[in-house]
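The model is a predicted one.

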Amino acid sequence: MNQAEDNKLEQMSAAQIYWQLFKNIFILSSCTFGGGFVIIGMVKKTFVEKLRWISEEEMLDMTAIAQSAPGALGVNIAIVTGYRIRGIMGALTGAFAAVLPPLIIISVISVFYNQFKDNNVIAIMLQVMRAGVAAVICDVVFTLVANIFKTKNILWIIVMAAAFMTTVFWNVSAVIIILICGVIGYVYSLITERRKEAK
């Protein structure tokens, strides 16, 4: 995040920041159908492109943290986003804003489940929503891939390609891939630090 973006946040009161954080994540969570990858794209568009509270590089790091942590990806990214903006209280605000809409919606659906399950109109709506979800997920994937290529780091590009192939062709668990990638990143950071110290 650049200095201008930091100053923009500093000019806002704590109450304004918490309200904007809660409102935006609440809206995103309310409109997110199809899993955590969808909300990642929406968080990027809101907090990186619109509000400019988070940089592109930070968003990539936050996505990696959210994916590697246990729990729902959508809630994880909301927590990490809140923590980046306002620390522990921001993380709690983000978590509450992300959990509240599904809690309300699922509660309503559970009450009217018998009426919903055999309704043809709702079945068609869900089919159309799946198509929209697929488009949003593709957008997120292409954006993240483009950001990896922008780094011009051969290791990251090879790791990305290897992770894709092992998932698609050999059905390797995502947990194993994330752990291996974490180890590779840790070793790479150690080597980079030692090279800097040697200079």
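Helix α4 crosses helix α5 in a right-handed sense. Here α4 spans residues 56–68 and α5 spans residues 73–111. Their axes lie 9 Å apart, at an angle of about 135 degrees. That angle makes α4 oblique to α5, because the roughly antiparallel class begins only over 145 degrees.

Which residues meet? From α4 come Glu-58, Met-59, Met-62, Thr-63, Ile-65, Ala-66 and Gln-67. From α5 come Leu-73, Asn-76, Ile-77, Val-80, Thr-81 and Arg-84. By class, this contact has 7 nonpolar, 4 polar and 2 charged residues.

Arg-84 and Glu-58 also form a salt bridge, 2.8 Å from N to O. Arg-84 sits in α5 and Glu-58 in α4, so the bridge ties together parts 26 residues apart in sequence. Arg-84 is partly exposed, at 27% relative accessibility.

How many salt bridges does the whole structure hold? A search finds 4. One of them joins Lys-45 to Asp-139, with the closest N and O atoms 3.4 Å apart. Lys-45 belongs to helix α3 (residues 36–50) and Asp-139 to helix α7 (residues 120–150), so this pair links parts 94 residues apart in sequence. Lys-45 is partly exposed, with a relative accessible area of 42%. Asp-139 is partly exposed too, at 32%.

Now turn to Lys-44. Its side chain meets that of Glu-49 in a salt bridge of 2.6 Å, N to O. Is Lys-44 buried or exposed? Lys-44 is buried, with a relative accessible area of 10%, because buried means under 20%. Glu-49 is partly exposed, at 39%. Shared partners join Lys-44, Glu-49 and Glu-56 into one salt-bridge network.

Definitions and conventions. Residues numbered from 1 in each chain as written. Predicted model: local features only at pLDDT ≥ 70, side-chain atom pairs only at ≥ 80, totals over all residues. Heavy atoms only, no water. Axes fitted to C-alpha atoms, helices over the stretch in contact; angles between N-to-C directions. Helix = DSSP H or I, 4+ residues; strand = E, 2+ residues; numbered from the N terminus. Parallel < 35°, antiparallel > 145°, perpendicular 65-115°, else oblique. Left-handed = near helix turned anticlockwise from the far one by under 90°. Contact = heavy atoms within 4.5 Å. Nonpolar A, V, L, I, M, F, W, Y, C, P; charged D, E, K, R; others polar. Buried < 20%, exposed > 50% of the residue type's maximum accessible area, 1.4 Å probe, protein only.
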